[in-house]
Amino acid sequence: MKDTTGATIYLKDYTPPAYLVDDVHLTFALAPEATRVRSTIRFRPNPEAAGRDFFLHGEELTLISASIDGTPVTPEVTPEGLTCAVPDAPFTWESEVEIAPARNTALEGLYMSNGMYCTQCEAEGFRKITYYPDRPDVMATFTVRVESDLPVMLSNGNPGDSGPGFAEWHDPWPKPAYLFALVAGELVNHPDRFTTASGKEVELNIWVRPGDEDKCAFGMDALKRSMKWDEDVYGREYDLDIFNIVAVDDFNMGAMENKGLNVFNSSCVLASPETSTDMNFERIEAIIAHEYFHNWTGNRITCRDWFQLCLKEGLTVFRDSQFTADMRSEPVKRITDVIALRARQFREDNGPLAHPVRPESFQEINNFYTATVYEKGAEVIGMLKRLVGDEGYATALDLYFERHDGQACTIEDWLKVFEDSTGRDLTQFKRWYSQAGTPRLKVDESYADGTLTLTFTQETPPTPGQPDKLAQVIPVAVGLLGPNGDEVQPTTLLEVTEAEQSFTFTGLAAKPVPSILRGFSAPVILQRETDNAERAFLLANDTDAFNKWEAGRALARDVLLRMLNEGTRPDPAFLGALSSALADDSLDPAFRALVLALPSEDDLAQAQVDAGRVPDPQAIHEARQRMFDAMADTLHDQLAEAYEVYQVPGDYTPGAQHTAARALTNVALSLLSRRDGGKLAQAQYDSADNMTQQLSALSSLLIAGAGDAALAAFEQQWKHDRLVMDKWFSLQITHAKPAEVAEVTDRLTQHPDFSMKNPNRFRAVFGALAMTPAGFHHASGAGYRLMADWLIQLDALNPQTTARMCSAFETWRRYDADRQQMITDELRRIAARPGLSRDTGEMVGRILG
Ligand code: 0A1
Ligand code: ZN
């Protein structure tokens with residue numbers, strides 16, 4: 001187990017590696033308790049390095065032997081690695097180590113999942129496999145031999161010789177060790193082929209456990225569409241003879257882009273209509289694309305060091321969002337991305353875990369696979385694209401691939417490409433990478449004599465270690481609507497670069513209604529004095545789909561806050577605006593479903609804080625419920641009609657159009673179920689032939705308080721399917737009454753199918769607890785206690801997942817003194833666990849501040 005005494009590592013301390021690697025040969029003799037790994041590595045001194053200290057990372061390895069150029073050596077071994085006297089000239093290092101994959105519960109390095117061997121090396125897991133310079137700026141070609149009696153043995157690159165008991169692989173593309181992968185097991189494949197634009201034939205496989213073969217077709221189709229899209233849109237072709245994907249049940253994250261051998265959490269690749277919801281299908285498509293796109297943005301061009309993580313992640317998230325927008329609905333994708341950004345990244349930016357898109361220090365890099373690095377990292381690229389235009393972006397990307405192919409790069413390299421290709425100075429833009437926190441952008445308006453003046457003021461609040469912020473360049477897309485709802489000024493991009501700056505629109509016939517930050521053109525919090533009449537006007541008339549939805553969302557937030565703070569009743573004007581949107585058949589049903597969804601309890605808690613109040617999770621929960629009830633009453637007939645009209649006939653398909661229709665009918669069902677005792681939901685449950693319909697019916701039955709029989713039936717029907725059962729676990733927690741959430745969670749941990757060893761199951765239960773604010777933050781403190789109890793237990797097995805889940809506590813400063821005390825007590829109890837991991841130690845320390 002790792003210790004807590006992790007030193008802090010700083011970006012400013014980067015030095016180039018003393019030795020580079022030409023090639024690596026690895027032989028694995030697989031055995032659960034005693035796998036032997038033999039390595040032959042050709043090193044050469046790095047002419048660019050300042051020193052000649054030879055250090056190889058290595059953790060939890062038993063060194064059996066080592067030699068340099070054939071002569072045995074006795075290195076100095078520490079828990080972090082080894083050093084040894086080496087020649088100041090090229091030399092060959094050979095070593096043999098022993099590791100125990102069956103005892104690896106941290107799921108980092110080589111481990112076992114259901115009898116199958118698999119690896120996870122990002123970020124620093126390769127050092128648990130053998131001694132190596134485990135840093136991304138050391139790139140080498142790998143040749144791997146796997147020995148075992150298992151039928152399938154895979155590694156990176158192209159297949160070489162194979163025979164009874166062994167298989168060889170060679171990856172011709174130099175790569176850092178974090179992209180290494182090995183998989184071996186009794187697997188079956190779903191095969192296919194792809195011909196690249198230049199006519200190269202590529203063999204494709206999705207490898208799964210026997211029994212899961214019928215859940216691969218969608219993933220395979222998504223892979224082929226991703227390959228084609230990257231050729232069409234970015235001019236990027238695949239570069240090996242084979243592309244393998246493997247589904248693994250026990251995995252800390254979603255998936256991993258290892259060169260030619262992507263390893264997926266089975267929840268992120270296995271799909272069938274009977275077991276996967278529409279949301280699952282969309283997520284799987286996006287993750288398959290994301291991992292595939294990494295082949296160029298991450299693998300061919302990688303990161304110099306882990307501080308540059310956003311170089312590959314921000315860009316790859318940006319690319320997968322573009323892909324989803326192209327495959328499905330662009331506005332719906334943008335709206336759902338922004339909902340997620342606000343829920344996760346804004347929340348992070350607003351609390352003790354705030355850090356820049358490119359962090360400047362860390363103790364444990366695994367703690368920086370965050371919404372800020374990924375999602376804000378993608379937003380930053382979206383802004384860059386807006387600023388330089390579509391063509392400028394395309395030219396810059398071509399130059400990026402041309403200039404940096406085969407290199408390990410920095411954000412400076414990335415920005416330089418844009419500067420060189422567009423001639424634009426990006427000095428100020430770079431602050432988006434170095435300053436943490438979400439800028440507040442205030443806008444004031446004045447109108448006189450046909451001229452509208454918009455005055456923007458920007459301010460970014462202090463974040464840990466960054467008390468003062470400089471002005472950033474903020475691209476603000478603005479359009480203007482005339483009093484009759486017609487657009488009088490189409491979208492135009494304003495570049496706000498100063499702390500305060502004004503822009504004018506002249507020649508207007510009447511005072512317009514501005515639509516500001518269209519498409520959510522920058523990840524900022526827009527502060528604008530307005531009223532609900534204007535919000536309703538924008539909801540009805542804005543031509544920008546994002547801002548149309550945003551107006552409805554702001555209206556809902558305001559109305560809910562007034563219910564909370566002033567004790568008002570659900571606002572009839574708001575219900576009327578919802579009714580008009582619901583009645584507008586010209587609107588995408590998915591868009592209408594989004595308009596009917598209220599801001600989350602967590603959103604409202606943050607909105608309370610922004611308004612200078614202390615949120616009461618129970619009161620927030622009740623206000624939302626009252627509003628849903630009012631919607632159910634007021635919109636009843638329209639909802640019933642929409643439920644009928646948008647039913648999807650025929651066989652299930654996961655495409656955007658059917659998904660949109662089901663989104664609307666299922667929102668309607670959830671509201672109708674508040675008033676019919678669950679009759680309609682039970683009928684849908686009984687006739688459902690796909691998981692989207694079945695699960696939303698079950699959820700609606702729980703809302704109606706009539707879900708017991710269906711819950712039992714669901715368990716009977718699906719107890720053999722671990723991914724479906726994850727949904728069953730979560731749903732009971734998210735739908736429990738606030739006072740019972742902790743009790744229900746506790747009861748589920750006693751279910752025979754609950755397991756701490758499987759991160760998906762742990763997250764299904766404790767992720768659900770964290771996402772049910774009125775229950776998690778219940779005044780009894782039972783939610784906090786239960787979470788801490790289990791995080792303490794999990795840390796001994798799986799530090800990475802434990803550390804990630806600590807973010808459940810990141811909002812503690814929002815709450816009242818009693819809750820603050822209870823949360824900080826629990827955090828201190830976690831911190832005090834003897835032998836606490838470095839991962840969790842760092843997170844708890846940062847959260848406590
Ligand atoms: N690079 C992967 C995600 C990933 C990151 C870290 C991991 O272990 C610490 C595993 C996977 C991606 O972006 O998909
Ligand atoms: Zn990624």
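These legends go with close-up views of a predicted model.

Two notes before you start. Local features need pLDDT of at least 70 and side-chain atom pairs count only at pLDDT 80 or more, while totals for chains, interfaces and linings use all residues. Residues are numbered from 1 along each chain as its sequence is written, and chains are lettered from A and ligands numbered from 1 in the order in which they are written.

**View 1. The shell around ligand 1.** Ligand 1 has 15 residues around it, and the closest are Glu122, Met253, Met256, Asn366 and Tyr369 (a residue is near if its C-beta atom, placed from the backbone, lies within 6 Å). By type, the shell holds 5 nonpolar, 6 polar and 4 charged residues (Ala, Val, Leu, Ile, Met, Phe, Trp, Tyr, Cys and Pro count as nonpolar, Asp, Glu, Lys and Arg as charged, the others, Gly among them, as polar). Strand 20 (255-256) and helix 2 (278-293) each supply at least two of the shell residues (helices, H or I, at least four residues, and strands, E, at least two, are DSSP runs numbered from the N terminus).

**View 2. Where domain 2 meets domain 4.** Domain 2 puts 9 residues into the contact and domain 4 puts in 13 (contact: C-beta atoms, placed from the backbone, within 7 Å). On the domain 2 side you'll find 2 nonpolar, 4 polar and 3 charged residues.

**View 3. The largest nonpolar core.** This core has 244 residues, with Val183, Val246, Val263, Leu560 and Met787 making the most contacts inside it (a core is a set of buried Ala, Val, Leu, Ile, Met, Phe, Trp, Tyr and Cys residues joined through C-beta atoms within 7 Å). Helix 9 (residues 545-566) gives the largest share, 12 residues. Leaving out residues up to four places away in sequence, Met787 touches Phe766, Leu769, Ala770 and Ala808.

**View 4. Ala774 and its surroundings.** Ala774 sits in helix 22 (residues 773-776). It counts as buried because it has 23 C-beta neighbours inside 10 Å (buried means 20 or more other C-beta atoms within 10 Å, exposed 12 or fewer, partly exposed in between, with C-beta atoms placed from the backbone). Its contacts beyond four places in sequence include Glu601, Pro617 and Pro738.

Terms used:
Contact = placed C-beta atoms within 7 Å.
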